[in-house]
Amino acid sequence: MISLNEVFVEYDNGVRALKDLSLTVEKGEFAFVVGSTGSGKSTLLRLLYREMSPCQGTVIVNGEDVVDMKPSDVPFLRRRLGIVFQDFKLLPQKNLWENLAFALRVIGAQPKDIRRRIGDALALVGLTHRCDAFPNQMSGGEQQRAAIARALVNNPTLLIADEPTGNLDPDTSWEIMQLLDQINIRGATVLVATHDSQIVDRMKKRVIQLDAGHLIRDEHKGAYQHIES
Ligand code: ADP
Ligand code: MG
């Protein structure tokens, strides 16, 4: 599903954000990417949806080399991904239904399809009754559920979430994580960057840890902090 091989990333300002990173995530896995601020988590995720390219190394997503991908093929890559951010990125002038419909119209979905897919996604995240609400009328947890619903309308094979609980209280964060777990159980591969150690410890999933752009740990059923035994 995801394969990175000897990846180096350097930003224009000379910051080397990822150094010799090799990593594989199989179809159907749920993995956390952890590490302190600036360790390279967001950079790693940006490579996967081709927001940026490495200066060296290969990045394969869904069997496709996304480094050599033509710019015109990038929208097709992103259609098969769901992407969720810390700050939700909902369109403030549109209600929940319209936010999801907009995402589907962009890719040319048919009206009948749009209704069905939105209905399914809202039911899954438990927001059917809020379809008329505007983002500023929703709580943080509801907004993140809405953003997850928007990420799901394309039925993505891979869901990428960058600090999805960064703006939420612990109980709401836990609910959002349970939702991501459900989405994984339904078949999507899920990759979550976070520095929420409590959640990582409770979930007991794979933990990929970065430190200053290096992969320093990759542990199945891991905790946020490695405990020497
Ligand atoms: P994290 O998500 O773990 O906080 P990032 O991937 O955002 O880490 O950042 C990794 C490193 O790259 C940091 O040193 C950060 O300052 C730098 N960086 C991130 N984005 C940019 C950018 N757009 N331009 C220059 N440097 C950046
Ligand atoms: Mg980040």
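The charged end of R202 sits over the ring of W174, 3.6 Å from the ring centre. The model is a predicted one. A second contact of this kind involves K89, which lies over the face of F85 at 5.1 Å from the ring centre.

F85 also has an aromatic partner. The ring centres of Y49 and F85 are 6.3 Å apart, and their planes stand at 80 degrees, so this pair is edge-to-face. Y49 belongs to the loop between α1 (41-48) and β4 (56-61), while F85 is in strand β6 (residues 81-85), so the pair ties together parts that are 36 residues apart in sequence. Y49 is buried, as its relative accessible area is 8%, under the 20% cut-off.

The structure holds two aromatic pairs. F30 and F32 make an edge-to-face pair, with 5.3 Å from centre to centre and 65 degrees between the planes.

Six of its eight residues are buried, so α1 is largely enclosed by the rest of the structure. The buried residues of α1 are K41, T43, L44, L45, L47 and L48. Just after the helix, R50 takes a positive phi of about 55 degrees.

Next comes the sheet. Four strands form an open, antiparallel sheet in the order β2-β1-β4-β5. Its edges are β2 and β5 (64-65), each of which pairs on one side only. Strand β1 (residues 2-10) pairs with β2 in the antiparallel sense over six bridges. Within this pairing, V7 has L21 in β2 as its bridge partner. The two strands form a hairpin with five residues between them, and G14 in the turn has a positive phi of about 90 degrees.

Most residues other than glycine have a negative phi. D20 is not a glycine, yet its phi is positive, at about 50 degrees. D20 lies in strand β2 (residues 16-25) and is partly exposed, with a relative accessible area of 45%. K204 is not a glycine either, and its phi is positive at about 55 degrees. K204 is found in the loop between α7 (197-203) and β9 (206-211). K204 counts as exposed because its relative accessibility is 53%, and the cut-off for exposed is over 50%.

Now the charged pairs. Side chains of opposite charge can pair when their charged atoms come close. The count here comes to 12 salt bridges. R206 forms one of them with E29, and the closest N and O atoms are 2.9 Å apart. This pair links distant parts of the chain: R206 is in strand β9 and E29 in the loop between β2 and β3 (30-34), 177 residues apart. Both ends are buried: R206 has a relative accessible area of 6%, and E29 has 15%.

R206 forms a salt bridge with D218 too, with the closest N and O atoms 2.8 Å apart. R206 lies in strand β9 and D218 in strand β10 (residues 214-219), so this pair ties together parts that are 12 residues apart in sequence. D218 counts as partly exposed, at 36% relative accessibility. Through shared partners, salt bridges join E29, R206 and D218 into one network.

Another salt bridge is formed by the side chains of R145 and E175, at 3.5 Å from N to O. R145 lies in helix α5 (residues 140-152) and E175 in helix α6, so the pair ties together parts that are 30 residues apart in sequence. R145 counts as buried at 18% relative accessibility, whereas E175 counts as partly exposed at 41%.

Helix α6 (residues 170-185) also holds Q182. Q182 counts as partly exposed at 40% relative accessibility. Q182 and Q209 are 27 residues apart in sequence and 23 Å apart in space, C-alpha to C-alpha.

Last, the surface. L91, F102 and V106 make a nonpolar surface patch of about 250 Å². L91 lies in the loop between β6 and α3 (96-106). L91 is partly exposed, with a relative accessible area of 32%.

How values were computed
Residues are numbered from 1 along each chain as its sequence is written. Chains are lettered from A and ligands numbered from 1 in the order in which they are written. This is a predicted model: local features need pLDDT of at least 70, side-chain atom pairs count only at pLDDT 80 or more; totals for chains, interfaces and linings use all residues. Side-chain values use heavy atoms; hydrogens and water are left out. Rings of Phe, Tyr and Trp (its six-membered ring) pair if their centres lie within 6.5 Å; planes under 30 degrees apart count as stacked, over 60 as edge-to-face and the rest as tilted. Buried means under 20% relative accessible area, exposed over 50%, partly exposed in between (1.4 Å probe, protein chains only). A charge sits over a ring if NZ of Lys or CZ of Arg is within 6 Å of the ring centre and within 35 degrees of the ring normal. Patches are made of residues with over 30% relative accessible area and no salt bridge: like charges are joined within 9 Å, nonpolar side chains (Val, Leu, Ile, Met, Phe, Trp, Tyr) within 5 Å. Accessible areas come from the Shrake-Rupley method with a 1.4 Å probe; for residues, only the protein chains shown count as cover. A salt bridge is a side-chain nitrogen of Lys or Arg within 4 Å of a carboxyl oxygen of Asp or Glu. Two strands pair if DSSP finds at least two bridges between them.
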